[in-house]
Every structure is written in C-alpha cells, then in structure tokens.
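Thanks for coming. I have one chain to show today, so please look at the screen while I go through it.

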Amino acid sequence: MALIEINENEARSILKKLAIEILEEEGIVGTLWKMDRMRQECGGQSVDWVVGHICHHPYVKRHELAVKDGKSWIFKAKQIVEFLDMYFPELGVNHKRGGKAK
C-alpha cells in the first residue's frame, strides 16, 4: 500500500508550469526583455549605451531584435542572447561613430 498517492496529471501540469517559468527567467524561450533586463545582460551599461551600441547596431536592425514601443525598447530575448554571444566583445566600439565608446 502506497503511503502517498500522486495525481500524475496534476504533477505533469505543475512540472510544465515550473519548467516554462525557469526557461523564461533564463531567457531561453521566446520571451521579450525590457531595457532593464538588457542593461543587466550588458553588465550594467547605461540606457544610452544600450541604445547606441545594440538597438542601432546593423545586425539588430536587420533582424528586428529590438523594437521601440513608444518611449521604451523591447528585445527578443532568445535572438538577442545569440547576438550578444556573437558581438558583445566588439560592442565597445560604437558602430555609428567608429570610435571607442565612452
């Protein structure tokens, strides 16, 4: 005789919700980030830095990874992570000015 009876359907449902929550927190699934999260991912850089070096970067514009929604920016989480993995070391140079960022 089992001491604990488990409802398998309920357990699956709870596990699925937790898995989705963890994946969204990690930015692994197709979620959107706001500027605060993007700044965090860029080591605490300023809003102006993120806009100048990421939002206006040719790759980001071409693939529409950042979208201005009124006054704020929204980023496609999964794709922007891939962009950061590829380009972050080189983002110290502002592509618009061609010089070192301040």
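First, how to read it. This is a predicted model, in which local features need pLDDT of at least 70 and side-chain atom pairs count only at pLDDT 80 or more, while totals for chains, interfaces and linings use all residues. Residues are numbered from 1 along each chain as its sequence is written, and side-chain values use heavy atoms, with hydrogens and water left out.

The layout, then. The chain has five helices and three strands. Here helices (H or I, at least four residues) and strands (E, at least two) are DSSP runs, numbered from the N terminus. Read from the N terminus, the order is α-β-α-α-α-β-β-α. Of the 102 residues, 25% count as buried. Buried is under 20% relative accessible area, exposed is over 50%, and partly exposed is in between, with a 1.4 Å probe and protein chains only. The accessible surface of the chain is about 7,700 Å², and carbon and sulfur atoms account for 54% of that. Those areas come from the Shrake-Rupley method with a 1.4 Å probe, and for residues only the protein chains shown count as cover. As for contacts, meaning heavy atoms within 4.5 Å, take those between residues at least 6 apart in sequence: 52% of them join residues at least 24 apart.

Now the core. A nonpolar core here is a set of buried Ala, Val, Leu, Ile, Met, Phe, Trp, Tyr and Cys residues joined through side-chain atoms within 4.5 Å. Which residues touch the most other members of the largest one? They are Met38, Val50, Ile54, Phe75, Ile80 and Phe83, out of 20 residues in that core. Two or more residues each come from helix H2 (35-41), helix H3 (47-55), helix H4 (58-62), strand E3 (72-76) and helix H5 (77-87). The most come from H3, which gives five. As general background, nonpolar side chains in soluble globular proteins tend to be buried together.

Take two of these residues in turn. Setting aside neighbours within four places in sequence, Ile80 is in contact with Trp33, Met38, Ile54, Val60, Leu65 and Phe75. Phe83 sits in helix H5 and is buried, at a relative accessible area of 0%. Phe83 and Ile54 are 29 residues apart along the chain, and their C-alpha atoms are separated by 9.2 Å.

Next, the two helices. In H5 the buried residues are Ala77, Ile80, Phe83 and Leu84. They lie on the same side of H5, because they cover an arc of only 120° around the axis, the arc being that of the directions from the helix axis to the C-beta atoms. The buried residues of H5 pack against strand E1 (32-34), H2, H3, H4 and E3.

In H3, seven of the nine residues are buried, so this helix is largely enclosed by the rest of the structure. The buried ones are Trp49, Val50, Val51, Gly52, His53, Ile54 and Cys55. They pack against H2, H4, strand E2 (66-69), E3 and H5.

On to the charged pairs. How many salt bridges are there? The count is two, taking a salt bridge as a side-chain nitrogen of Lys or Arg within 4 Å of a carboxyl oxygen of Asp or Glu. One joins Glu8 and Arg12, at 3.7 Å from N to O. Both residues are in helix H1 (residues 8-25), four residues apart, about one turn of the helix. Glu8 is exposed at 53% relative accessibility, and Arg12 is exposed at 53% too. The other joins Arg37 and Glu41, with the closest N and O atoms 2.9 Å apart. Those two are separated by about one helical turn, because they are four residues apart in H2. Glu41 is partly exposed, at 34%.

Last, one backbone point. Glu64 lies in the loop between H4 and E2. Its phi is near 50°, a positive value in a residue other than glycine. In general, most residues other than glycine have a negative phi. Glu64 counts as exposed, at 52% relative accessibility.
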